[in-house]
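Colleague: I would like to learn how to read a model of this kind. Please take me through it feature by feature.

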Amino acid sequence: MTERHELPIVAPGIDDFAREGAGPAGGWEAPERPQVRLVPTHCCFCGVQCGMFLKVDAHGRVFGVEARDHDINRMRLCPKGVVAYQQVNHPDRLLRPLMRDRRGDPLRPVSWDVALDRIADEIRRIQDAYGRDAFGVIGGASLTNEKAYLIGKFARVALRTRHVDYNGRLCMVSAAAANKKAFGIDRAANPWADLLEAQVILLAGANVGETFPVATQYFWEARDRGARLVVVDPRETPVARTADVHVPIRPGTDAALFNGLLHVIVREGLVDEAFVRDHTTGWEGVRDTVASYPPERVAEICGVDARRVEEVALLWGRAERAMALHARGLEHHVQGVDNCLAVINLVLATGQLGRPGAGYGTITGQGNGQGGREHGQKADMLPGLRDIENPEHRAIVAERWGIDEAELPRAGTSFVEMMEQMRAGQIRGVIGFCNNPLVSLPNLSRIEAAYEALEFHAQADFFLSETAERADVVLPSAVWAEDEGTTTNAEGRVVKHNRAADPPGEARPDWWIMRQIAERLGAGRWFAFESPREIFDDLRDTSRGGIADYAGITYEKIERTGGVFWPCPTPDHPGTPRLFEDLRSAFPDGRFRFHAVEWREPAEPADEDFPLRLTTGRTVAHFLSGNQTRRIGALVEQTPRPWVEVHPSLGFASGDPVRVVTRRGSATYPALVTDTIRPDTVFIPYHWSGRVAANRMTVDALDPVSKIPEFKVCACRVERGDEIDPLSPPPIPPGRMPQPFEAEPAGDARPPTAPQGRGTSER
Amino acid sequence: MMQRTQFIDPGRCIGCQACVAACRECDSHRGRSMIHLDYIDVGRSVASMPTVCMHCEDPIAPCAEVCPADAILVTADGVVQEAAKERCIGCANCVHACPFGVPKIDFEEKLQYKCNLCYDRTSVGLAPWCATVCPTGAIFYGTLEELLAQRPNAVVSDIVVFGEQEIHTGVAIVAPSGYARDWIPGGLP
């Protein structure tokens, strides 16, 4: 870093170029190296799964990225995708297993044998003393299909515990439950290319420009061809900014809005009566329910103009081809499943399904948000989207795994419920892979207490996350570029990640770790895999005949085609890009199911003491709990710290310290004052830890069906604060120094220029 | 405008800064982004806009015109190159002359840096890094015909007007559809 020159000879933003600090940690060492290889793969981050090449030098080191003309993204990448490769040789990487003998001791490096023996001993000790279900396994939806499948098998066959769940519980479960109820199959119904054929696109609770940036092009191209775009979001997001209609509803009122849209469609005679009669059940109940949602009432509930409700309903109702997509904004609610069903009701009532340009889908958040929920790391599911409480499904999976059906545990509990059981001493030990609940779960003080109460906690990760930092044993795992495997993107397209480098130091892939533990528990024969390909073959075989049937998908077929959409039951089957082309659901009677839903107040409605609604979400430069992106210089420079977004009517100026208070906690952030948020709503991005973690304040109320927490709305108040709370730099392994860009933002109290970050002249 | 060039469409920009990140990956200036990404109308909008070198054509780019060291070459294809390192004296004349605020100076090195339309990529038929990765097509690279084939309603201009001065640029700007003038206001009355 050079000292900033005082000479005022140039305009802001164009001075002293040497200050640009946002290179890879460890510096730009690569340009001298001869580039020898381009490894085709996909991004590790969101559910879009953009194709990319990793550049590998003669020494086998990943040193850069190159654009890849893959079907999904046509060479495009977002700022996270461009710099994703900088994780590979990052100085913060965990290189050896770490262990502490008792809580409070520092972590120290140990051998794999010592770490794995300790884990196996603790699993045996806890399960012997308290029963098999006293040890839990927690997975994640950024794992490949191979690893996600193995998590479920590991829990149920090696540990024989019913307590296994994953962080997709914070993501996709509301949509998954609604899809199962309405369609009998849980997958986005259309490939995104279908958007180009749509005349009307309805996007609800999906900040696509920031959370799935590369998917934006599908929406813009559809508009180039004349499509009208409707965006439902309490904030004017980058995609809402130019939308044909933006409906800025009050957080927690989605079901009312969609019931209202259907009300107008019924009133105007725009229901597709033939489709409803021939292909659905349950319409009468929905029709009767939406009768009590006239636009005037909806406008009152949602805090929007009734004319907008009419306008959107007519746009949708009169379209020949329309598509509805939604994401977490609609799903992170105690009525998350109902919200999704309300959207589906609209889609079914107008027959917008099974054709190019006519369809429905959720946009899965994590890289393998779709595949991660299909193959059995979810508490109630077995591979192939099978139901663990269904005797037939149990028998099939037990037979394929070669175990006695009676030995196969029953359904467990959800991620957040497991935290309560940990606090209550029902779960005494946990091993976690690919998750960071101490940033990502709601009402963090209860989560901290849950982990504190454990007798034993092991965590695998490639960086020392806030959760790993507290574990008794930390296992160093591989980043995505150091292993191969498949993921299933938000469209239901199975793609292949390829290995570009060896894991550094003693780091190992998660599947290797599970195999070592299983061997020590005497279950080695079910886990004798030498490679992800062998695990994928096991997954294919186990999924055969299930709803998510991968039997006909092979690595070679994916490489040949650029991705295969499931279901794909046989090797000669081309895959299924678009569902429901025959207008039949996956239920035996082939009919789609309407479900009448009533709007309800959120778990914590605004009141006199807490008059505002707090909503949380993401910003474009960071991903989920930030364990990866808070360590990458370019992303930290773009968005170094969280802020609170408030409307000018609340009386603050940008940069003011504003204290946000809920019933669970408070923190002081710099204000970003903007017209683009509702006056009754405040927003905080949730990627940061410690005192400024948004989840210190969120409510841990759950949807009764999907068990998704209500991240998107709770009651809060704001007041002028004293000092802006400092950031906690990301944890690093013992004996290392933080990178300058990791430590520096701690004292930086400025808000970003805009929700997308700091402009290049504002750094 | 140049035959094959960049088209900047602020209406499509989502402010994600993929262009800024990708610019740093360029082999000729690794770690340094030449792109200016501004959030405009802050507090009232999330609007944003990338500024790259406009490769002025009027009749010679102002930055090249004022360079006392004759360091800024305009190649026959119309690309205004970065100041040649062996000639540049870091005086920042180009910075002052540029109507768009594009060049940057490294005071340590006493050298100018600016966008050269990814000459290493475009000279071999690839698109510049920023236009390659741009998630939304806010930075498009190609010919006008290619742009209009994809976006039939696009209104394109390569004239920017500052007060009484008019600049013709090698890079073009896409105006909102229905925009009636053939020039873009540069910011002065």
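Colleague: What ipTM and pTM does the predictor give the complex?

Modeller: This is a predicted model, so confidence comes first. Where pLDDT is low, the coordinates should not be read in detail. Chain B has a mean pLDDT of 94, with 99% of its residues at 70 or more. For the complex, the predictor gives an ipTM of 0.96 and a pTM of 0.95.

Colleague: How does the radius of gyration of chain A stand against the globule rule?

Modeller: Chain A has 22 helices and 28 strands. Its radius of gyration is 25 Å, close to the 27 Å that the globule rule gives for 763 residues, so chain A is as compact as a globular protein of that length. The C-alpha trace spans about 75 × 70 × 55 Å along its principal axes. Of the 763 residues in chain A, 63% are buried. Among contacts in chain A with a separation of 6 or more, 74% join residues 24 or more positions apart.

Colleague: Into which domains is chain A divided?

Modeller: Domain 1 covers 24-87, domain 2 covers 98-171 + 368-565, domain 3 covers 173-362 and domain 4 covers 612-747. Taken over C-alpha atoms, the centres of domains 2 and 3 of chain A are 34 Å apart. Contact between these two involves 10 residues of domain 2 and 9 residues of domain 3. The domain 2 side has 4 nonpolar, 3 polar and 3 charged residues.

Colleague: Now the interface. How many residues of chain A are in contact with chain B?

Modeller: The size of an interface is often given as the accessible area lost when the parts come together. Here we count residues instead: 56 of chain A are in contact with 47 of chain B. Strand 3 (62-67), helix 1 (79-83), helix 5 (208-211), helix 6 (216-224) and helix 21 (633-638) of chain A each supply at least two residues to the chain A side. Helix 6 of chain A gives the most, with 4 residues. By class, the chain A side has 27 nonpolar, 20 polar and 9 charged residues.

Colleague: Last, a single residue. Is Thr698(A) buried or exposed?

Modeller: Thr698(A) has 29 other C-beta atoms within 10 Å, and 20 or more count as buried, so this residue is buried. Thr698(A) is found in the loop between strand 27 (681-685) and strand 28 (714-720) of chain A.

Colleague: Which residues does Thr698(A) touch?

Modeller: Leaving out residues up to four places away in sequence, Thr698(A) touches Pro442(A), Asn443(A), Thr616(A), Phe711(A) and Cys714(A).

Terms used. Residues are numbered from 1 along each chain as its sequence is written. Chains are lettered from A and ligands numbered from 1 in the order in which they are written. This is a predicted model: local features need pLDDT of at least 70, side-chain atom pairs count only at pLDDT 80 or more; totals for chains, interfaces and linings use all residues. Two residues are in contact if their C-beta atoms, placed from the backbone, lie within 7 Å. Ala, Val, Leu, Ile, Met, Phe, Trp, Tyr, Cys and Pro count as nonpolar, Asp, Glu, Lys and Arg as charged, and the others, Gly among them, as polar. pLDDT is the predictor's confidence in each residue, from 0 to 100. Domain bounds come from an automatic or database domain assignment. The radius of gyration is taken over C-alpha atoms; the globule rule is 2.2 Å times the number of residues to the power 0.38. A residue is buried if 20 or more other C-beta atoms lie within 10 Å of its own, exposed if 12 or fewer, and partly exposed in between; C-beta atoms are placed from the backbone.
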